[in-house]
Amino acid sequence: LQMLERQVVGGEQAENKDLKEKRKRRKKYADERRMQLAAALQQSNEESSDWVLLHVYDSIQEEVRAKSKLLEKMQKKLRAAETEIRDLQSEFELEKIDYLNTIRRLERDLLLSQQLLDQVQSLVRRDCNYSNLEKIKHESVWDEETGRWKIPEPVIQKTRLP
């Protein structure tokens with residue numbers, strides 16, 4: 001009778017050890033999950049807690065209103081992020097245009113300097129070390145401290161005939 005009672009009260013699987021282990025694992029998993037949710041709620045701020053909490057609504061209209069408010073809030077955040085992206089892109093585009101204009105201006109200035117040097121080089125005396133511009137460029141050194149080139153001093157080489 002007692003054996004029949006245990007089987008009937010606990011069901012057919014009352015003595016099944018696998019089923020007991022499975023129940024223990026489920027209970028342990030549920031407890032862990034509950035602890036994780038509690039920790040998440042403590043760490044989250046008011047805005048993000050809307051995503052973690054499960055709301056219980058009295059009617060479908062109330063649920064729709066609450067979700068509509070949440071949707072509007074997220075849409076505002078999205079619009080703000082899109083505006084920020086457009087501002088950054090336009091700022092980047094303006095900087096890019098400015099850099100390109102600077103590069104073009106510097107290239108024109110370099111071309112002018114090169115043309116002036118080509119014109120003036122023919123006027124320099126042959127016995128001056130500045131008559132060979134390639135040699136002067138090779139001997140010039142960039143000074144980091146002053147931010148300028150150190151160019152050799154002009155020297156006129158006089159040759160004396162015996």
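This is a predicted model: local features need pLDDT of at least 70, side-chain atom pairs count only at pLDDT 80 or more; totals for chains, interfaces and linings use all residues.
**Salt bridges, helix α2**

I started with the count, which comes to 6 salt bridges. K27 pairs with D31, and their closest N and O atoms are 3.7 Å apart. I looked up where they sit: both are in helix α2 (residues 17-43), 4 residues apart, or about one turn of the helix. K27 counts as exposed because its relative accessibility is 55%, and the cut-off for that is over 50%. D31 comes out at 26%, so I put it down as partly exposed.

Next I went to helix α4, residues 60-121, where K67 and E63 lie 4 residues apart, about one turn of the helix. Their closest N and O atoms are 3.1 Å apart, and they form a salt bridge. K67 is partly exposed at 48%; E63 is also partly exposed, at 29%.

I then checked D109 and R105, again in helix α4 and 4 residues apart. They form a salt bridge too, with 3.8 Å between the closest N and O atoms. D109 has 39% relative accessibility, so it counts as partly exposed. R105 gets the label partly exposed as well, with 40%.

**Nonpolar patch**

Last, I looked for nonpolar side chains on the surface. W142, W149 and I151 form a patch there, with about 350 Å² of accessible area together. I151 is in the segment after β2 (148-150). Its relative accessibility is 46%, so I151 is partly exposed.

Definitions and conventions
Residues are numbered from 1 along each chain as its sequence is written. Side-chain values use heavy atoms; hydrogens and water are left out. Patches are made of residues with over 30% relative accessible area and no salt bridge: like charges are joined within 9 Å, nonpolar side chains (Val, Leu, Ile, Met, Phe, Trp, Tyr) within 5 Å. Accessible areas come from the Shrake-Rupley method with a 1.4 Å probe; for residues, only the protein chains shown count as cover. A salt bridge is a side-chain nitrogen of Lys or Arg within 4 Å of a carboxyl oxygen of Asp or Glu. Helices (H or I, at least four residues) and strands (E, at least two) are DSSP runs, numbered from the N terminus. Buried means under 20% relative accessible area, exposed over 50%, partly exposed in between (1.4 Å probe, protein chains only).
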